[in-house]
Amino acid sequence: LEACRHHDIRHLVYASSSSVYGLNESMPFSTSDNVDHPVSLYAASKKSNELMAHTYSHLYDLPTTGLRFFTVYGPWGRPDMALFLFAEAMRAGKPIKVFNHGNMLRDFTYIDDIIEGVYRVINHPPKGNPEWSGKNPDPGSSKAPYKIYNIGNNNPVKLLDFIAAIEKALGKKAKMEMLPLQPGDVPATYADVSDLVRDLDYQPATPLEEGIGKFVEWYLARS
């Protein structure tokens, strides 16, 4: 942020996370929802990113856009994420850890759809919202050039259906170790992307089975 204000940056776009919604149970998650109750330090750090970005937007007129990514998956992802861990365990005939006994919903979003959203946002720096009011503040915008968007698939999927899609693509049956919900985790995520659709005509386009199939094709080619 300091570098941006000293070097005349036209638009700062940064990664936030669906984790900021924390204890919120109102579905789908909207950027107009309050996000003051994180349940993990990771979520709290992402909320702090948004707060600092807003402060710089307010003090220095720096246009900032925070993108709350929802369960990104696909090729070249992090190897500590569920998709990699599940695929590796299934291929090796080892059990996978299934938290909350499988009673989870996630708005899985394929990497190409994430990239499309980022691309659309980059060239549209926010302007101050003239309708913003401190008496009824909208958390997702401001009088300052500040904006928050969700980027998700707008279609939550059961964790067990996610596992079934991996089984189908790999041709392997999963051995499941059912476990309770992890501390700091939430049972469901679901992105409201209506403002991104309205402002930038964004539409996620990759069904889960197609995205899993592309991941498995890439994964097997590099194994």
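## Chain and core

Of the 223 residues in the chain, 43% are buried (under 20% relative accessible area with a 1.4 Å probe, protein chains only; exposed is over 50%, partly exposed in between). The model is predicted, so local features need pLDDT of at least 70 and side-chain atom pairs count only at pLDDT 80 or more, while totals for chains, interfaces and linings use all residues. Residues are numbered from 1 along each chain as its sequence is written, and side-chain values use heavy atoms, with hydrogens and water left out.

The chain has 7 helices and 9 strands; these are DSSP runs numbered from the N terminus, helices being H or I of at least four residues and strands E of at least two. Overall values are tabulated below.

| Property | Value |
|---|---|
| C-alpha span along principal axes | about 55 × 35 × 30 Å |
| Accessible surface (Shrake-Rupley, 1.4 Å probe) | about 12,000 Å² |
| Radius of gyration (C-alpha atoms) | 19 Å |

Carbon and sulfur atoms hold 54% of the accessible surface. Among contacts (heavy atoms within 4.5 Å) with a separation of 6 or more, 82% join residues 24 or more positions apart.

The largest nonpolar core has 26 residues, and F162 and I212 touch the most other members. Two or more residues each come from α3 (82–92), β4 (95–99), α5 (159–170) and α7 (208–222). Such a core is a set of buried Ala, Val, Leu, Ile, Met, Phe, Trp, Tyr and Cys residues joined through side-chain atoms within 4.5 Å. Beyond four places in sequence, F162 touches L83, F86, F108, V157, L208 and I212.

In α3, the buried residues are L83, F84, F86, A87, A89 and M90. They pack against β3 (72–73), β4, α5 and α7. Just after α3, G93 takes a positive phi of about 75°.

G102 lies in the loop between β4 and β5 (105–106). Is G102 buried or exposed? With a relative accessible area of 6%, G102 is buried. Apart from neighbours within four places in sequence, G102 is in contact with L159, L160 and M178. From G102 to D112 the C-alpha to C-alpha distance is 27 Å, over 10 residues of sequence.

How values were computed
The radius of gyration is taken over C-alpha atoms; the globule rule is 2.2 Å times the number of residues to the power 0.38.
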